[in-house]
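Me: Hi! Could you walk me through this structure? I'd like to start with the aromatic rings.

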Amino acid sequence: MVAITTEVVSFDFFNRPFTQQGAGSGWVLDSNGIIVTNNHVVEGASSITVTMDDGNTFTVDQSAVFTDSLNDLAIIQIEAQNLPAVTVGDSAALRVGEWVVAIGNALGQGIRATEGIISRQGVAIPVAPGQTLYDLLETTAAINPGNSGGPLVNLSGEVIGITSAKIATVGVEGMGYAISTETALPIIEELITNGYVVRPWLGVVLYTVDQFAVARYELAVESGVLITQVVRDSPADRAGLKPGDVITGFAGKDIVTAADMIRGIHLSKIGQKIPVTYWRGKVEYSTEVVPIESPPPS
């Protein structure tokens, strides 16, 4: 287990820069220096420091940080060898009621452990506007600021989750969340191999239809996803979709929000024909779109 310290440059009301410090956690996936953590732990950081259990400290090269904001995952490569790597367990084999331990740099005060049980599986929670994390493990183990990115382990000492979020509301206790290793490992492997995650891509910018959009664009439907931008020569462009169209069906499922559409795209397969239902003006149309690989991040 490792403690992660970050510095982020922010600006005050008078546009004067100041530095904020942050704390997070991580764990060693590979003995040759690959650390797993959350994207939100390292996002926007001007400097990142990793501290090992034995007190050794490493300053991280920014070019050695690879992230996936959609699933809130990141890997950090440090210049080290023979590190104590953890064993990854099978989160799919978990059952509600099993004991687990959350290990992390709680409150930035060093590595500590808290115990609890798995209270729910397959949970989806919104963590930011337009971003929802899926297939999470809910645990009663105490999770505090600084725990993010740390491992959730079973009683065999195997990592079965990556601590990511909690519900911090007055009167709510024992509701912390971790990304299951079943969900995380394929993404981590892509980050190691490619530096980014390859996903199905359509080349559209989307907006959830609301009353403002209905009035502003004189839409014929009151729910669905409004296309605000189409990338030239993208799969959406080739399928005939245009800005102003409202998608109401994708891959045989009703589409109500942009999150529905994004989820549908990511669950589709590259190269597979996907039926799309959409409205243009007062007429409903159908087409087929063929997702391609998402372009590398710029």
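Reply: Happy to! Rings of Phe, Tyr and Trp (its six-membered ring) pair if their centres lie within 6.5 Å. Keep in mind that this is a predicted model.

Me: Okay, how many aromatic pairs does that rule give?
Reply: The count comes to 2 aromatic pairs. In one of them, Phe13 and Phe14 have ring centres 5.2 Å apart and planes at 90°, so the pair is edge-to-face.

Me: Are those two Phe residues buried or exposed?
Reply: Phe13 and Phe14 are both exposed.

Me: And what about Tyr278 and Tyr285?
Reply: Tyr278 and Tyr285 form a stacked pair, with 5.6 Å from centre to centre and 20° between the planes. Tyr278 has a relative accessible area of 6%, so it is buried. Tyr285 has 37%, which makes it partly exposed.

Me: Which charged end sits over the ring of Tyr285?
Reply: That of Arg280, 6.0 Å from the centre of the ring. Elsewhere, Arg216 lies over the face of Tyr217, at 5.0 Å from the ring centre.

Me: Switching to strands now. What order do they take in the open sheet?
Reply: The sheet has 7 strands in the order β5-β4-β1-β2-β3-β7-β6, and the pairing is antiparallel. Its edge strands are β5 (57–59) and β6 (65–68), each of which pairs on one side only. From one strand to the next, the twist averages 25°.

Me: β7 keeps coming up. What joins it to β6?
Reply: 4 bridges join the two strands, which run antiparallel. Phe66 stands opposite Ile75 in β7. The hairpin of β6 and β7 has 4 residues between the strands, and Asp72 there takes a positive phi near 55°.

Me: And with β3?
Reply: β3 and β7 are also antiparallel, paired over 4 bridges. Ile35 has Ile76 in β7 as its bridge partner.

Me: Why is β7 described as largely enclosed?
Reply: Because 4 of its 5 residues are buried, β7 is largely enclosed by the rest of the structure.

Me: Last one: where does Asn147 lie?
Reply: Asn147 is in the loop between β11 (131–139) and β12 (151–154). Its relative accessibility is 2%, so Asn147 counts as buried. Leaving out residues up to four places away in sequence, Asn147 touches several others, including Ser25, Ile103 and Thr163.

Notes
Residues numbered from 1 in each chain as written. Predicted model: local features only at pLDDT ≥ 70, side-chain atom pairs only at ≥ 80, totals over all residues. Heavy atoms only, no water. Pairing = 2+ DSSP bridges. Axes fitted to C-alpha atoms, helices over the stretch in contact; angles between N-to-C directions. Buried < 20%, exposed > 50% of the residue type's maximum accessible area, 1.4 Å probe, protein only. Contact = heavy atoms within 4.5 Å. Phe/Tyr/Trp six-rings, centres within 6.5 Å; stacked < 30°, edge-to-face > 60°. Lys NZ or Arg CZ within 6 Å of the ring centre and 35° of its normal.
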